[in-house]
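Biologist: Could you walk me through this model, one question at a time?

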Amino acid sequence: MTALTLTNVCKSFDKTEVLKDINIEIEEGEFVVFVGPSGCGKSTLLRVIAGLEDATSGEVRIGGEVVNHVPPSKRGIAMVFQSYALYPHLNVRKNMSLALKQEKRSQEVIDARVAEASRMLDLDAYLDRLPSELSGGQRQRVAIGRAIVRNPKLFLFDEPLSNLDAALRMNTRVEIAALHDQLGASMVYVTHDQTEAMTLADKIVVLRDGRVEQVGSPMELYNDPVNKFVAGFLGSPAMNFMPADLVNAGDKRTLGVRPEDLFLADDGPLQVDVTHVEKLGGDTNVIGKVGELQITARLFGQHDLKAGGTLGFGFDGAAAYYFDEGGNRVR
Ligand code: ADP
Ligand code: MG
């Protein structure tokens, strides 16, 4: 069964069109990530799904049922925000119980659900603490716990890791992935961070300026992007773009090559004036210029290279992507 279906969803605020004809299907149990730059409409789309905003036109179905006129509390969804949105005067247990109390669940059910969620999230030791007595990572786990206890049909996450430092972001990311495996629930997760999208998603939806650019598994999108935007958005360091006639005389297209597909070749077609060398231990990033164009190469392992000189790079024909003037992929 489909967990969520969006059909021709549009949303405008006054005259500003923010969502433009969005069509997305999410299967039961899928982890779907909406990714795109800041301001492209991700939060608005999530809020339309949750019922916190009305779609201007189009249809939202959750579990097969049209919910356009169903209030948020009756949609079977639970939402986790970047800001945690915990009640500061309630301890962890009460924060996690509140929605169930409001649904008039028995104390027995509430206790069992809170115990189960706090065990999953490693919060047992913190149930009597106030949010102010927790770290950022713990607060976000409470916010996630508050969603879990409601046993929703659909989880909605809006950039839940953005307030955490880098190490905690990575840990919490792994925990959210584990949680999805355990619960088997349908999840929609919004982020501007391509790494989160690549690592968490069964299916990625790339959004730009209120439109869906491409939908697919992380590797489908990485290996087979439909346009220059998707090609450049997924992958870090990002794909290199250059006029194709840099290597093929007279070719008017744009050529794209991923940093890891460049290899050292003295007489290679790209003679790069090296400006930086980033030694990451496992990888070495070589950053430099061909004329005005910035090029990044990612070499596996450690290399004794320095900024200053010129290095030649080559790539296999099979690693080259071509784009027309409109940015669409040419095959
Ligand atoms: P994202 O989450 O991808 O960063 P948002 O969905 O928050 O983007 O916003 C998308 C666009 O919609 C932005 O240009 C934003 O200014 C606009 N927008 C969002 N909410 C409102 C609102 N309530 N009124 C007017 N414009 C809004
Ligand atoms: Mg947002």
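What follows is a set of questions and answers on the predicted model.

Biologist: Happy to start with the overall picture: what percentage of the 331 residues of the protein chain count as buried?
Modeller: This is a predicted model, so every value here is computed from it. The secondary structure of the chain comes to eight helices and 19 strands, and the C-alpha trace spans about 75 × 45 × 35 Å along its principal axes. The share of the 331 residues that count as buried is 49%.

Biologist: How many disulfides does a search of the whole structure find?
Modeller: A disulfide needs two cysteine sulfur atoms within 2.5 Å. For cysteine 10, the closest cysteine sulfur is that of cysteine 40, and at 15 Å it is too far for a bond. Cysteine 40, for its part, is buried at 4% relative accessibility. The number of disulfides found is zero.

Biologist: Which residue in E5 is the bridge partner of arginine 61?
Modeller: Strand E4 (residues 57-62) and E5 run antiparallel and are joined by two bridges. In E5, the bridge partner of arginine 61 is valine 66.

Biologist: Is lysine 11 buried or exposed?
Modeller: Lysine 11 is found in strand E1. Leaving aside neighbours within four places in sequence, its contacts include Glu17, Thr44, Glu53 and Asp54. The cut-off for burial is under 20% relative accessible area. With a value of 8%, lysine 11 is buried.

Biologist: Now for helix H5 (residues 166-183): how far apart are its end C-alpha atoms?
Modeller: At 1.5 Å a residue, the 18 residues of H5 should span 26 Å. The model agrees with that expectation, since the end C-alpha atoms are apart by 26 Å.

Biologist: Within what arc do the buried residues of H5 fall?
Modeller: Thr172, Arg173, Ile176, Leu179 and His180 are the buried ones. Seen down the helix axis, they line one face of H5 because they fall within an arc of 125°.

Biologist: Which residues of H5 are exposed on the other side?
Modeller: The buried residues of H5 pack against strand E3 (31-35), helix H3 (107-120), helix H4 (136-148), strand E8 (186-191) and helix H6 (194-200). On the other side of H5, the exposed residues are Ala167, Val174, Asp181 and Gln182.

Biologist: Last one: what is the relative accessibility of valine 330?
Modeller: Valine 330 lies in strand E19 (residues 329-330). Not counting residues up to four places away in sequence, it touches Arg253, Tyr322, Phe323 and Asp324. Valine 330 counts as partly exposed, with a relative accessibility of 26%.

Methods
Residues are numbered from 1 along each chain as its sequence is written. Chains are lettered from A and ligands numbered from 1 in the order in which they are written. This is a predicted model: local features need pLDDT of at least 70, side-chain atom pairs count only at pLDDT 80 or more; totals for chains, interfaces and linings use all residues. Side-chain values use heavy atoms; hydrogens and water are left out. Buried means under 20% relative accessible area, exposed over 50%, partly exposed in between (1.4 Å probe, protein chains only). Helices (H or I, at least four residues) and strands (E, at least two) are DSSP runs, numbered from the N terminus. The expected span of a helix is 1.5 Å times one less than its number of residues. The arc is that of the directions from the helix axis to the C-beta atoms. Contact means heavy atoms within 4.5 Å. Two strands pair if DSSP finds at least two bridges between them.
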